[in-house]
Amino acid sequence: MVPVTEPHWIIHLPTTLRRVDEAAALAMALRHSLGHVLAIDFGETTLSEEDRQLVRTRVWCDHRLPDGARCALPADHPGGSCTARP
């Protein structure tokens with residue numbers, strides 16, 4: 001992973017989904033289908049309600065692994081078992 005030394009952009013992608021588990025499932029499907037796109041840091045994916053965008057729920061664990069990748073497991077996985085593959 002290349003360190004970010006300049007400002008970068010965030011893409012906010014509104015959905016019509018009404019439940020957080022459905023939004024998380026969509027995020028997982030996007031990671032599965034677009035995981036090869038190096039410009040997307042799926043480890044930073046968060047969810048928020050439309051009218052409460054400052055209150056965010058992390059989808060995946062944000063722990064950095066020794067190789068610089070992020071843990072690919074859900075945010076609430078048991079401690080000490082971080083891995084680059086789900």
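Which residues is tryptophan 60 in contact with, leaving aside its neighbours within four places in sequence? The legends below take up this question first, and they describe a predicted model.

**View 1. The surroundings of tryptophan 60.** Once its neighbours within four places in sequence are left aside, tryptophan 60 is in contact with Ala27, Met28, Arg31, Phe42, Gly43, Thr45, Cys71, Ala72, Leu73, Pro74 and Ala75.

**View 2. The largest nonpolar core.** Trp60 also belongs to the largest nonpolar core, whose seven residues are Ala23, Ala24, Ala27, Phe42, Leu47, Val59 and Trp60. Helix α1, which runs over residues 20-34, gives the most to this core, with three residues.

**View 3. The buried side of helix α1.** Within α1, the residues Ala23, Ala24, Ala27 and Arg31 are buried. Because these residues cover an arc of only 100 degrees around the axis, they are placed on the same side of α1. Among what covers the buried residues of α1 is the strand β1, made up of residues 46-49.

**View 4. Helix α1 from end to end.** At 1.5 Å a residue, the 15 residues of α1 should span 21 Å, and this agrees with its end C-alpha atoms, which are 21 Å apart.

**View 5. Arginine 18, in the segment before α1.** Arginine 18 lies in the segment that comes before α1. This arginine 18 counts as exposed because its relative accessibility is 79%, and the cut-off for exposed is over 50%. Although arginine 18 and glutamate 49 are 31 residues apart along the chain, their C-alpha atoms are separated by 8.9 Å.

How values were computed:
Residues numbered from 1 in each chain as written. Predicted model: local features only at pLDDT ≥ 70, side-chain atom pairs only at ≥ 80, totals over all residues. Heavy atoms only, no water. Core = buried A, V, L, I, M, F, W, Y, C linked by side-chain atoms within 4.5 Å. Buried < 20%, exposed > 50% of the residue type's maximum accessible area, 1.4 Å probe, protein only. Helix = DSSP H or I, 4+ residues; strand = E, 2+ residues; numbered from the N terminus. Contact = heavy atoms within 4.5 Å. Expected span 1.5 Å × (residues − 1). Arc of directions from axis to C-beta.
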